[in-house]
Amino acid sequence: MEKSSTVSESEREIVYRRFLCIKDAVACINDKVDLIAVILSISLPQTTRGTDYVCKLKIIDESHPEIPVHVFAQEIDHLPFVAAVGDIIYLSRVVMRIYEGDVYAIFNKRFSSFALYDGKDVENFQPYQVLLRYEARKHDAMIIAEPNFSLLKEINEVGLVNLVCKVLHICKTTDDKWMAFIWDGTDAPPISIYKKPEDEEHNPLPLHFKPLPSSGDVLHTFPTVGTILRLIFDVECMPYILQLLKVRQWFKLFCVECKVHEGLWYGVFTSYSKIQDIPNVDILILERQSNYDCRSSGNLDRMPSWSFPWPSKITGHM
C-alpha cells in the first residue's frame, strides 16, 4: 500500500505542475494546481487560532470571475506583500477546496509557493517578492508576459476578455456614467435575438446601446469599417482611468466584461479590469491597422465580415 501511495503522489505532481486557468482550476477540487492571476484585493495579516499567520487574496483571470485564496504562513514575512491592486501573482501548489458551494484556493505553508510581479511592467520577468520554495520555469515568463488578446470578431460569448483597441471618443451617458468608444478594425459577430414579431411593434429593439455622441464632428472621425464597441466604466475605477485614457491612442485592456443588451455587444470596465498603454510600433497594433487598411481600400471589403451571401465582386467593380 505504501508503494501504491508513492506512485499516486508522483502522478499527481505531473498534474499540478501544469499551469491552469481559474476556470479549469475550480473543477480540480482537492488537487494541487498552479495559477497565474491578477490580484483584486488583499486583507491585512491576522493570526490564526494557533501560531500561524493568514491573509486572504481575491484573484481573477480572463477565464473566470474572482475567487478567494487563503494564504497561511508560519512567519508574517512569508505572506505576500502586494505593492498594488492589479499586480500579478504566480501561485504554485495551491489546493482547490469547496465550502457550501463556494470554491477557493488554500496556500499551504508546507509546500505552496508564490511570486509577485508588477502588473504595470509585464515585460520585466523579475518578481519583486518570492517565497523561497518558488522555482521559476522557462515558460512562466511567457505566460505572464503574453496574455491572450482577442479581436472583437472573436468574441463569441458573454464573459471576460483581453482586448487591444483604439479609443475613439470618451463621454458621459445620460445616466452619468463614463463611456468610451473603442475599435480594433474587426466586426463583432451577430447575436441571435429571440423575440416575437408582435412584440417588436410595441417594444422595438434599439438601433444602438446608449446614446451616440451628439456632435456630428465626432461621428465623422469614426472609422467606417469595423465594430465600434461601447465600453462602460465602473464609477469606482474612473479617477485613475481618466488620467490614462487618451483619445486616438491604442491600449491593452485586461479582464473586460463582455455583455449583450438587446442584441448588441458592449463592454464593462470594472474595478478588477486593467488598462495599459502601448507604443504605436507594437505588433498587435500593426496587425490591426494593416487589416483595417486592407479592408478600407475597397468598397466591398467595407461590408461586415459576417454578411452572407457576399455580392459578386465583378458587379461591384462595374
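## A buried tryptophan

Let's start with Trp183, which is buried at a relative accessible area of 2% (buried means under 20%, exposed over 50% and partly exposed in between, using a 1.4 Å probe and protein chains only). This is a predicted model, where local features need pLDDT of at least 70, side-chain atom pairs count only at pLDDT 80 or more, and totals for chains, interfaces and linings use all residues. Residues are numbered from 1 along each chain as its sequence is written, and side-chain values use heavy atoms, with hydrogens and water left out.

## Rings that meet

The structure has six aromatic pairs (rings of Phe, Tyr and Trp, the last by its six-membered ring, with centres within 6.5 Å; planes under 30 degrees apart are stacked, over 60 edge-to-face and the rest tilted). One of them is the edge-to-face pair of Trp183 and Tyr292, at 5.0 Å centre to centre and 85 degrees between the planes. Trp183 sits in strand β10 (residues 178-183) and Tyr292 in helix α7 (residues 283-296), so this pair ties together parts 109 residues apart in sequence. Helices (H or I, at least four residues) and strands (E, at least two) are DSSP runs numbered from the N terminus.

Tyr292 is buried as well, at 17% relative accessibility. Ring pairs also bring in Trp250, giving a cluster of Trp183, Trp250 and Tyr292.

Leaving aside neighbours within four places in sequence, Arg288 is in contact with Phe149, Ser150, Leu151, Val164, Asp184 and Trp250 (contact means heavy atoms within 4.5 Å).

## Strand β5 and its partners

Now over to strand β5 (residues 88-99), which is mostly covered: nine of its twelve residues are buried. Strand β1 (residues 32-42) runs antiparallel to β5 and is joined to it by six bridges (strands pair if DSSP finds at least two bridges between them). Here Leu35 stands opposite Leu91 in β5.

β5 also pairs with strand β7 (residues 113-117) in the antiparallel sense, over five bridges, and Ile88 faces Tyr117 in β7. Strand β6 (residues 102-107) is antiparallel to β5 too, with five bridges, and Val95 stands opposite Ile106 in β6. The hairpin of β5 and β6 has two residues between the strands, and in it Glu100 takes a positive phi near 50 degrees.
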